[in-house]
Structure formats: structure tokens, C-alpha cells
Amino acid sequence: MTVAASDPARPRVRFNPFSAEFRRDPYPMYRELRAHKPVHKTLGMWVLTRHADVKTVLLDRSFSAGLIPQLVSTQAERLGQGEVDRIERLGRKSLVFTDNPDHARLRGLVNRVFTAAAVAELRPVATDIAARLMTSARAAGGMDVIADFAAPLPISVLCEWMALPEDLRAHVGSWTHDIRFLLEPGLMKAADFARVREVVEEFAAALDEVLVQRRRQPGTDLISRLLAARTTGGDVLSDEELVFVCLMCFVAGNETTKSLIGNGALALLRHPEQAAMLRSTPEVVKSVVVEALRYDSPLQLTKRLATRDVEIGDGIIRTGDQVLVCLGAANRDPEIFERPDEFDLTRDASGHLAFGHGMHGCLGGQLAELVAEVAFAHLGAVEFAPLAEEFDWQEHSFIVRGLRNLPVAIRSAV
């Protein structure tokens, strides 16, 4: 963080999301921005950090979510990448990046399957997987919470929900990791583009085969239900749209849920009185999930594109301007949350914006909460000791905040 003191009443704060300091702890910079430059333009985009401003943009449907597909096309052209039709269609047809009327149509179909009841049915699945992972950790006397627990749990639950063949499951983790670049196209080099193109084709072809099998022999899994989804007017998802829904479930849901579990586990380790509360009162586990989402949000940043002139704070955002909404900063706004820098399981953190808000609110939010709840319930049943004082944060993403590793020893089981 850089703060120039030429004007003590209004110090200049330079937003630098690429610095090692920001990766390690972005919250001091957010605090300075909220206090002195809550709405300002830098790095070719507007940066918003107050809860009210972030929520305003997320709720305003005139701010387009279609910026990322445009950036993918621009980056492909800049790097001289040809034959990126499938990648561009993946962007244009994905729920995450579409605006109305396309978004409303897709959401209307997919929401028929992503119901609260359907997600609740996955609790025994998630519990069984978490129990197996914890059994291995107990036998080993410890684990890397990220690699051995937070990473395999959400991806295994999704594989089970889709009832993917065993030989396909072995590839899903690495494929998802490779395709994540599509969420941050500015980070892609030519080799990354080539790899993403190859993996998207390979992943989509594998899912095409699953669709053929499910049409022949439908079940109760997610893919069968998506195939059966139909509006009262008879509209259905095309095969490619359905494949893209499945792909984006992994791409958008896996890294964020893994980071939610990892960030929450770290918060519990650093706040032993809150961990003790979880051990003594297991029913607070839902509060652990909500407070972890607020306190150290997995998705820190997201972008929108203005399609009309809008006044926010003392700034005039013009048509065509890019807007970076800082979800992590909004979730520490003292105007909304008292003592925002404290991890407190007794607070009402339900006003957090970790899943976005409005039309593009996270489709998989309920599933992420369920998986995280199961994870924290299992972690809360064991007393851990960290095996390091400082931990490395991942560097492959600027929008997702998560640990690279979190080695712990098991002290005792409750």
C-alpha cells in the first residue's frame, strides 16, 4: 500500500492489487481506500470499496457482466491466438457472464435444478467424503488443510452430484485448475491460451459422452435433471449450454469453496476462543460459514462494464468504463459491520456480499455453504495446531484469495 502524505486531510492512496503486501493482507489498503478514496479511477478502471456502492453496482442491471468474454477475445487477438470459438462461446453463453435477456433465460432453466431441496440431498454425500478425509488426517496425525481437505471435498461433491464416471473424475481437478484462466484473461500468455483451448475441448468432449449416456439411461444426478429441465413454454438447454453449465460449476465453484474452507480454517486457528466456541457449541457451525465469507471472502474482486452514465459518490462513471467492485472491502465496511476486522461468530454477518448480489448472485452459493458447513463441523471436532507461523497465499489469481497450503498437526479429538 502506498500513502502519500502531501495532504494530511486527504492522503493519496495508491491501489496496487499486484503487490506482495496486498496478496498477504489486502485489508489495510481497503481501509485506507474506504476512508479517503472510496470511489476513484486507477489502472484504467473505477475502484469501489464501500458496501453501499458495491451493492448499488451489483443490483444495477445496466452494469454488464459481459466484460470478461470481451477481454478473452481481446487477449486472444493480442496474442495471435486462432481457433478460440469454443472458448468465446463458453464466455458468451455462461450464466456468470451473460446479461438479460440471455441470463434470465438460462437462469430460469438452471434454477429449476439448483433448488434448496436438491442441495440439501447432498449433505450425506458431503459428510461421507469429509469423514473419509478426516479419517486419513487422524491416521497421519495431521494434514495440509488445503491439499488434503479443502481442495478434494468440493470437487468430489460435484463429481458425485453429476455422477461422473471414475475415469473422468481423475482429470476434473487439473482441468478445472487450467480453465480458471478464463476468469482472468489478462493473466493469460500464449501457452496458457493453448492449454485452456485444449482442456476446454477435452472436458467438453468428455461431458458430451456423459450426456449421450444420460439420455439413454437418465438418473437423479445433476446432468440428468438439467437434461429434463423445461420451461412451461417448452424451452430447454441446448447440449452445449448444458455442458457449459457443468464446466462453469467446477471453474467458478471449486476454487472459491476451497478457499472459503481454507480461509475459515485459518481464521479459527488465529482465533482460538472462536474455535473453542465451535467445539463446545457445534450448532454455531452455520455462523462459522457466514462469518468466514464476510471476514476473509474467497472472491475478493469482480468486474462490471457501465452501459450508461452513472453517478456514484463523487464520481461520474461513463458509458464504457470498467468498474472493479471490491467485495472483500465491502465486507469489512464499518458502516455495516461493527468491529469489522474481528472474526466474531456471535455477529450477524448475513449482509455480506461474498456471493455477489442481485441478478448475478452466485448460483452455487447454497452448495458452497453446505459443503463449508460440513467441512467446519468436521474441523471443529478436532483441535489443531498450525505447523507454521506464516502461510503463503496463492498467486495464480488476483480475484480469488486463498492459501497455498495450511499444514496442521492434530492435538486431540473432541
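Val-39 stands opposite Leu-48 in strand β4, strands here being DSSP runs of E of at least two residues and helices DSSP runs of H or I of at least four residues, both numbered from the N terminus. Strand β4 (residues 45-48) is joined to β3 by four bridges, and these two strands run antiparallel; strands are taken to pair if DSSP finds at least two bridges between them. The model is a predicted one, in which local features need pLDDT of at least 70 and side-chain atom pairs count only at pLDDT 80 or more, whereas totals for chains, interfaces and linings use all residues. Residues are numbered from 1 along each chain as its sequence is written, and side-chain values use heavy atoms, with hydrogens and water left out.

The pairing of β3 with β4 belongs to an open sheet of five strands, in the order β3-β4-β10-β7-β5, with mixed pairing. Strands β4 and β10 run parallel and are joined by three bridges, with Val-47 standing opposite Leu-324 in β10. On β10, Leu-324 is also the bridge partner of Lys-303, and the pairing of β7 with β10 is antiparallel, over five bridges. Strand β10 is mostly covered, four of its five residues being buried, where buried denotes under 20% relative accessible area, exposed over 50%, and partly exposed the range in between (1.4 Å probe, protein chains only).

Helix α3 (residues 51-59) lies across β3, β4, β5, β7 (301-306) and β10 (322-326), and runs at about 125° to β10. Helix α4 (residues 67-78) lies across β5, β7 and β10, with a direction at about 90° to β7. For these angles, axes are lines fitted to C-alpha atoms, for helices over the stretch in contact, and the angles run from 0 to 180 degrees between N-to-C directions; contact means heavy atoms within 4.5 Å.

The largest nonpolar core contains 116 residues, of which Phe-149 and Leu-153 touch the most other members; such a core is a set of buried Ala, Val, Leu, Ile, Met, Phe, Trp, Tyr and Cys residues joined through side-chain atoms within 4.5 Å. Helix α14 (residues 239-270) supplies the largest share of this core, 16 residues. When neighbours within four places in sequence are left aside, the contacts of Phe-149 include Ala-130, Leu-133, Met-134, Ile-261, Ala-375 and Leu-379. A second, separate core of 16 residues includes Leu-58, Phe-63, Ala-306 and Ala-330.

A search of the whole structure finds 28 salt bridges, each defined by a side-chain nitrogen of Lys or Arg within 4 Å of a carboxyl oxygen of Asp or Glu. One of them joins the side chains of Arg-31 and Asp-341 (2.9 Å, N to O). Because Arg-31 lies in helix α2 (residues 27-36) and Asp-341 in the loop between α17 (327-330) and α18 (365-380), this pair ties together parts that are 310 residues apart in sequence. Arg-31 is partly exposed at 38% relative accessibility, and Asp-341 is likewise partly exposed, at 33%.

A further salt bridge is formed by the side chains of Asp-60 and Arg-308 (2.7 Å, N to O), linking the loop between α3 and β5 with the loop between β7 and β8 (310-312), the two residues being 248 residues apart. Asp-60 is buried, with a relative accessible area of 16%, whereas Arg-308 is partly exposed at 38%. The side chains of Glu-240 and Arg-89 also meet in a salt bridge (2.8 Å, N to O), which connects helix α14 to helix α5 across 151 residues. Glu-240 counts as buried at 18% relative accessibility, and Arg-89 as partly exposed at 24%. Both residues belong to a network of salt bridges that links Arg-86, Arg-89, Lys-93, Glu-201 and Glu-240.

Residues up to four places away in sequence not being counted, Arg-107 touches Leu-95, Met-359, His-360, Gly-361, Cys-362 and Leu-363.
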